Amino acid sequence: MSSNFIKVKDFGKKTDRLYTIDPKELVKLPYPYEDWEDPPVPEISDSRRQGKDISLDGILNVTIPIPETEEEKEKMVAKFLEGLRKLLTSENNWTFIRPLMLSLDNCVKCNTCSEACPIYEMSGGAEIYRPLFRSDVLRRIVNKYIKPGGRLTAKFTGADIDLNWETVARLGQLAYRCNLCRRCAQTCPMGVDNGLIAREIRKLFSQELGIAPSELHQDGTVKQLKTGSSTGISPVALMDLMEFAEEDITDRTGLNIKIPFDKTGADILLIHNAGEFLSWPENLEAFTIIFELAGLSWTLSSEMVGYDSVNYGLFYDDVQLAKVTLKHAEAAKKLGVKKVVVAECGHAHKAAMAIGDRIWLGESNIPRESSMVTLEDIILNGRVKVDPERNDFPITLHDPCNMIRSMGIVQPQRRVLKKIAPKFREMTPHGVDNYCCGGGSGFAIMQSNNFPNWRFLFPGRKKFAQILNAFTHEELDPSVNKYVCAPCSNCKGQMRDLLTYYDAWERTRMLYGGLVELIVNAMTDVREGFVEWEFH
């Protein structure tokens, strides 16, 4: 069976592939990509898929192992049900039980959420990618198999679904076909949060079944807690990287700056996503230049985990989330700083601030601030001198979902851009109505198998269309330099891969980068040309 119109009650049917992706069914891109043809999504080879279930849509990003016997399958279903019961109790899920129950109990199936979902839209209306579909699978399982008398009344209450191993395996995969951008939740008239439901399914699989994408768990959180960073950068290696950054600052600007480390009693502890250290060192260099020339009292930390703001637990596991954010709190407390400033990373904002408010308690409740606010104070109060004409090229702004929709940090970065970039223009829509970059919820770091193709074709495709529409046809000519400002490390990772997939540098000369790079590019106390027009 392969169809766009799968019904929820058929979700557990025994078939090799529930939905087959056909690029010809996807929504077309705007100018100058009207004739763009996407290649077929690569099939997973027999040897690579051996022992793994990919019967949802042929995509492999979370490994669901296929049990060898029917008895083992039944045990997995029973374990899933037991985990689901725990998910629905306040003593086991005090963090999210209330919004979860609200979302399970109050959906009126108006499908407003579907119109807001970029994945569903760009798929051309594939039923399994409808936000309501995933939630309805879980809702029916709860109503039929958890609630008293559910099996007897299932056909009369709309809870018609068979809970077998196939249902469980596909639900685990379907939880990783959502960016958790929560655009659907924002538009729901009943307050139903389908993004939260997807995240809670991920949590059930991680905490109860031990199943999570390796990029998030084993090669993400576990590595971070063991080595200090999800990138594998140890405290010793960190110092080597900082020496390189100091030399690069001198080469690029002529300035000699020592990056401060472990400075007790500083006003600010700045925490970067360590991905910047390896992939975009110009971002941490720009922060250093701005903070130093503005005369701030600040420091970085060399404490284990204290120099990497990444917290992938936000995407899949409450326990892992708490372990990492407590390490961040300990690093700040040890240094005795007045506040923590989170650099350009959207999910780190939410983990340390919105969610962190429930974990950074007592003496660890150190104030936390978005770097967007810190930078606004520096620029609008004239603490560094800028010449906006140095940024005299078209610039548009991508809004990271966790920073914008989840936290409402919308205007500070815009006020900065209006001060330093005369050709800044908004995407449509923007602010809290923005679209995800397509790499949200950990997707940007999932580089294996055929999953990158999926994130380019569905959520990434919507963002790319939105970016193209932000510029005029004349500006999209490859003779014109243009810049997509994405103040988030994960978003930049997705931008890099997305622009590469669509050959956007060659076809349109479109560069991406952070906000601080543009600020330094405009600073008159710094040599001109900090933004280098080379795709990387």
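## A tour of the salt bridges

Start by selecting Arg 199 and Asp 318, both of which are buried (buried meaning under 20% relative accessible area, exposed over 50% and partly exposed in between, with a 1.4 Å probe and protein chains only). The model is predicted, so local features need pLDDT of at least 70 and side-chain atom pairs count only at pLDDT 80 or more, while totals for chains, interfaces and linings use all residues. Residues are numbered from 1 along each chain as its sequence is written, and side-chain values use heavy atoms, with hydrogens and water left out.

Arg 199 and Asp 318 form a salt bridge whose closest N and O atoms are 2.6 Å apart, the term standing for a side-chain nitrogen of Lys or Arg within 4 Å of a carboxyl oxygen of Asp or Glu. Because Arg 199 lies in helix H10 (residues 194–209) and Asp 318 in helix H16 (residues 318–335), the pair ties together parts that are 119 residues apart in sequence; helices (H or I, at least four residues) and strands (E, at least two) are DSSP runs, numbered from the N terminus.

Next, select Arg 414 and Glu 426, whose side chains meet in a salt bridge at 2.6 Å, N to O. Arg 414 belongs to helix H20 (residues 412–420) and Glu 426 to the loop between strand E6 (424–425) and helix H21 (451–457), so this pair ties together parts twelve residues apart in sequence. Arg 414 is buried at 2% relative accessible area, whereas Glu 426, at 24%, counts as partly exposed.

Finally, select Lys 109, Asp 136, Arg 139 and Arg 140, which are linked in a network of salt bridges.
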